[in-house]
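Open the model in your viewer and keep the selection tool at hand. The tour goes stop by stop.

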Amino acid sequence: MINEPYGTVRYYADLFSDIIADAHADDKAAGDTIIEAFKLSLKEWREYYEEGAKEIKRIQAKADDEI
């Protein structure tokens with residue numbers, strides 16, 4: 001359980017610690033999977049925000065044309 005205020009360094013450190021706890025010296029694949037998952041998460045969130053930005057641009061252009 002995380003008892004620190006949301007958004008603080010300690011809050012995120014505790015979240016990361018929970019994930020990193022799954023990495024073990026006898027299972028190197030677990031650590032590799034954690035890194036791969038982090039990279040995938042970054043990629044997916046970037047794509048999500050890029051698509052959102054495209055939609056804002058589309059709406060703005062429509063507003064400029066119609067208003």
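Is Ala 23 buried, partly exposed or exposed? Ala 23 is partly exposed, at 34% relative accessibility. Here buried means under 20% relative accessible area, exposed over 50%, and partly exposed in between, with a 1.4 Å probe and protein chains only.

Before moving on, note that this is a predicted model, in which local features need pLDDT of at least 70, side-chain atom pairs count only at pLDDT 80 or more, and totals for chains, interfaces and linings use all residues. Residues are numbered from 1 along each chain as its sequence is written, and side-chain values use heavy atoms, with hydrogens and water left out.

**Stop 1: the loop**

Stay on Ala 23. This residue sits in the loop between α1 and α2. Helices are DSSP runs (H or I, at least four residues), numbered from the N terminus. Now show the contacts of Ala 23, counting heavy atoms within 4.5 Å. Setting aside neighbours within four places in sequence, Ala 23 touches Ala 30, Gly 31 and Ile 34. Then select Asn 3. Ala 23 and Asn 3 are 20 residues apart in sequence, and their C-alpha atoms are 23 Å apart in space.

**Stop 2**

Select Asp 14 and Arg 10. Their side chains form a salt bridge, 3.0 Å from N to O. The rule asks for a side-chain nitrogen of Lys or Arg within 4 Å of a carboxyl oxygen of Asp or Glu. How many salt bridges does this rule give? The count is six. Asp 14 and Arg 10 lie four residues apart in helix α1 (residues 9-20), so about one helical turn separates them. Asp 14 is partly exposed, at 23% relative accessible area. Arg 10 is partly exposed too, at 43%.

**Stop 3**

Move to helix α2 (residues 28-66), where Glu 50 and Arg 46 are four residues apart, about one turn of the helix. They form a salt bridge, with the closest N and O atoms 3.3 Å apart. Glu 50 is partly exposed at 39%, and Arg 46 is partly exposed at 44%.

Next, pick Glu 55 and Arg 58. Their side chains meet in a salt bridge at 2.8 Å, N to O. These two are three residues apart in α2, so they too are separated by about one helical turn. Glu 55 is partly exposed at 33%. Arg 58 is partly exposed at 44%.

**Stop 2: the nonpolar patch**

Which helix gives the most to the patch? α1 does, with five residues. Both α1 and α2 supply at least two residues each. Zoom in on Phe 16, in helix α1. Phe 16 is partly exposed, at 46% relative accessibility.

**Stop 3: the rings**

Finally, select Tyr 6, Tyr 11 and Tyr 12. Ring pairs link these three into a cluster. Rings of Phe, Tyr and Trp (its six-membered ring) pair if their centres lie within 6.5 Å; planes under 30 degrees apart count as stacked, over 60 as edge-to-face and the rest as tilted. Across the whole structure, the search finds six aromatic pairs.
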